[in-house]
Amino acid sequence: MAKKILIVEDEGVVALDLQDRLEQQGYEVVGIADTAKEAIRLSAKNSPDLVLMDIVIKGDRDGIDTARQIYDLFKIPVVFLTAYADEKTLARAKKSHPHGYIVKPFNVTTLRSNIEMALHRHDVDQALEKCYSTTLSSIGDAVISFDHEGKIRYMNAMAEALTGYKSKEALKRKISTIMLLSNPNMDEGKLIDPIDLLDHEQFLSLPNGFEIRTKFDLYIPVAINIIPINNKAEAEAGIVIFSDKREHLVQERQAKMAEKLFDNSVEGIVLTDKELNILQVNKTFTEVTGYDANEVMGQNPSFLQSGQHDRDFYNDMWSTLKRSGMWQGQIYNKRKNGEIYAEWLSIYGIKNKNGDLINYIGLFSDLTEKHMTQEHIHRLAHYDALTGLPNRLLFMERLRQSIISARRKDMPIALFFIDLDGFKKINDTLGHDAGDLLLQEVATRLGKYMRESDTVSRLGGDEFTVIIEGYNQISDLITVVKKILKELSSPVQIGERKVYVTASIGISTYPTDGDNIQDLVKNADTAMYAAKDKGKNRYEFYDYEMNRKNLERLTLESCIHRAYEQQQFMIHYQPKIDMRDGSVCGAEALIRWNHSQEVGYVPPEHFIPLAEETGMIIPIGEWLIRKVCEDMNSWRDQGQPLFPMSINLSAIQFRDKNLIKIIDTILRQTNIDPKYIDMELTEGMLMDDVQTSIAMMNQLKALGLSLSIDDFGTGYSSLKYLKQFPIDTLKIDKSFIDGVPNDSSDCAIVKTVIELAHNLNMSLVAEGIEKPEQADFLVANGCAVAQGFLYSKAVDAERFLIYLEDAPYQ
């Protein structure tokens, strides 16, 4: 029979990979846990032969504490799988009775050899412990052993009889809570902890006459010996050996204790004669079944049968009972009110001294509450509480099973990775309650077009997945995904509001895009981001090119952090020219990055969005403002007059609560007059939250800065708000200038922008001037200032200084 193994690992993908390896080696994986609580629950439920334990797991207890508790509770051997091999960790691990310690990474051979050695060692330990227990059980005296903390590790049957405590309830409790001693010849009435008598010489000097106090407050005179074990490498710190000095009362006391145990047992108890006529039942029997004792006396217990088991079940039960003297298992019985319930039943045959059967005794526990608890725990562990859909853990298991089935049946699988577009804005604007209602509606809609064999899951946040098994052709998937997109794009009624949400869906297929969980999920996720990049509210199938771009993006993200730390960014300056006389009237500062070692020259449109996503735009933007001010100071020191300098702000910087403080500090430290700094903003960032934008612009103006709208006309600004914005300058975008003066539409747009700026008392700057005829057209229509290749490309600070020395200044 395959050995059963429980995996305790907080990384789901790692755990599933380990499960595949173990099953390939012939082991049976009976569960995967990521917390101490779940590990203990699965150990109790599945009784694994071995636990593979990661040291770092979720929750407030790590793997070492969990291993110690599992071994103490169930005597299940534990092998650690961990990346930690430091002395401190090893020292802690040793105290948890481990049967192995494997340092990651490891190969299958190492894993298998460690598992087999651990199982062998456990078998040897169990044999020795059985021998130890058998030896102590066979002697006539009572024996209790305890460890250095005074906790009981073993007590034999005679100790149970004398103290009144069962070994099961006494283990791991302080010995002083199980047995206390008194001696009338010492301090009368004072109870003595056996641990206090570990000094053997002192114990031998004490007078005789010890009594023990039992569970039922009886005092029994005993002959007692306490033997200390001083070798700290051993588990026990002492052994107490004692015997009843009034042997003729032992049977009477045992009978009284048995009666109390019978009456007060938490288990239901039925005693019958050998013909199965009920002789006695306890209080718990009545509470569980609903039958009073006088109703069942003399009856055969078969009247409790529920009809859930066939004749073969009962034949096997009695065959086992007669052969081995006992039977135990789960059985369904019926209460007096007709309710069927599950119970765990143990039946024992009782024989007299001659070996003749005289009675049967049955002990049972009601499993109803336990089953309900297990179902509830399973529900909490595997299903999303908000939507009722399978959660990430169950999704990973379903996908694993789908792959196994697909491999066996040679059929394809499709994985949809779904991310809602615009959910964050709805959640932030209308509140989390509205967001929760929206997610519940999305879950309902996703299930409309799914078959029973398909799985819809919620991974968390606004991310959902769909596993589709056994489709015929790609067109089938396209039909389904189009229905999903259409269904999700319909308005959702939340209270008195209608809200709109769309989705971006990435699709990967088995086996084309991956033959394992990790690759299928990763590639579907990559395809989903490709759908977002292409405008959202669409689907994309995964292809290799996506992965290449993803790797490039990861490389770039790593490099951008290093570029900032190593000061690899530089600033180029492009002059602004008064086209009427060719004089320099300002400039724009533009950030550049030339990473020649790994990725070469990186265009701003590639690394600026990435810097915004990673949050690096904040420190990079602060560096840029400071460097511009330092360059302006340097030029001033070399005899050049100051002139207005434009600096671009990203949307992330514009929303940063520390922006005003950062700019003010830099201007003060570099002694630059704020009137020489112009902050360029885009229409999109201003329209995202108009009132907040106006408040921030007013704060920038209060510092003495001027403000420009960059690329005017390419965004979606409203003229209603434009007149409210404290803007000084409009910059006409290059896309409109390119068609001037030959394209009548571009000419009309440019003239309109110029007229609008004049009417609103705003300055104008035209971008991207490359031809003299463009300059002539702009000047003739009232726009005097421009920048572009016609005058100068953006150049570094040193070459810009040379340009200034040769150019006239207005």
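**Figure 1. A five-stranded open sheet in a predicted model.** Two strands count as paired here if DSSP finds at least two bridges between them. With that in hand, take a look at this predicted model: five strands line up in the order β13-β12-β16-β15-β14, making an open sheet with antiparallel pairing. Out at the edges are β13 (278–281) and β14 (326–334); each has a single partner strand, so one side of each has no neighbour in the sheet. Going from one strand to the next, the twist averages 25 degrees.

**Figure 2. Zooming in on β14 and its partner, β15.** The strand β15 covers residues 340–351. It runs antiparallel to β14, and nine bridges join the two. If you'd like a spot to start from, find methionine 326, which sits opposite tyrosine 348 in β15.

Figure 3. The structure has 33 salt bridges, and here's one of them: arginine 21 with aspartate 17, whose closest N and O atoms are 3.4 Å apart. Arginine 21 has 26% relative accessibility, so it counts as partly exposed. Aspartate 17, at 39%, counts as partly exposed too.

**Figure 4. A salt bridge between distant parts of the chain.** Arginine 92 pairs up with aspartate 62 in a salt bridge, with 2.9 Å between the closest N and O atoms. The two are 30 residues apart: arginine 92 is in helix α4 (residues 87–94), while aspartate 62 is in the loop between β3 (50–53) and α3 (63–74). Arginine 92 is partly exposed, at a relative accessible area of 31%, and aspartate 62 counts as partly exposed at 22%.

Figure 5. Arginine 451 and aspartate 454 form a salt bridge, and their closest N and O atoms are 2.9 Å apart. Arginine 451 counts as partly exposed, with 38% relative accessibility. Aspartate 454 has a relative accessible area of 10%, and since buried means under 20%, this residue is buried.

**Figure 6. Salt bridges joined into a network.** Lys576, Glu588, Glu680, Lys731 and Glu767 all belong to one network. What links them up is salt bridges that share partners.

Notes:
Residues numbered from 1 in each chain as written. Predicted model: local features only at pLDDT ≥ 70, side-chain atom pairs only at ≥ 80, totals over all residues. Heavy atoms only, no water. Helix = DSSP H or I, 4+ residues; strand = E, 2+ residues; numbered from the N terminus. Axes fitted to C-alpha atoms, helices over the stretch in contact; angles between N-to-C directions. Salt bridge = Lys/Arg side-chain N within 4 Å of Asp/Glu carboxyl O. Buried < 20%, exposed > 50% of the residue type's maximum accessible area, 1.4 Å probe, protein only.
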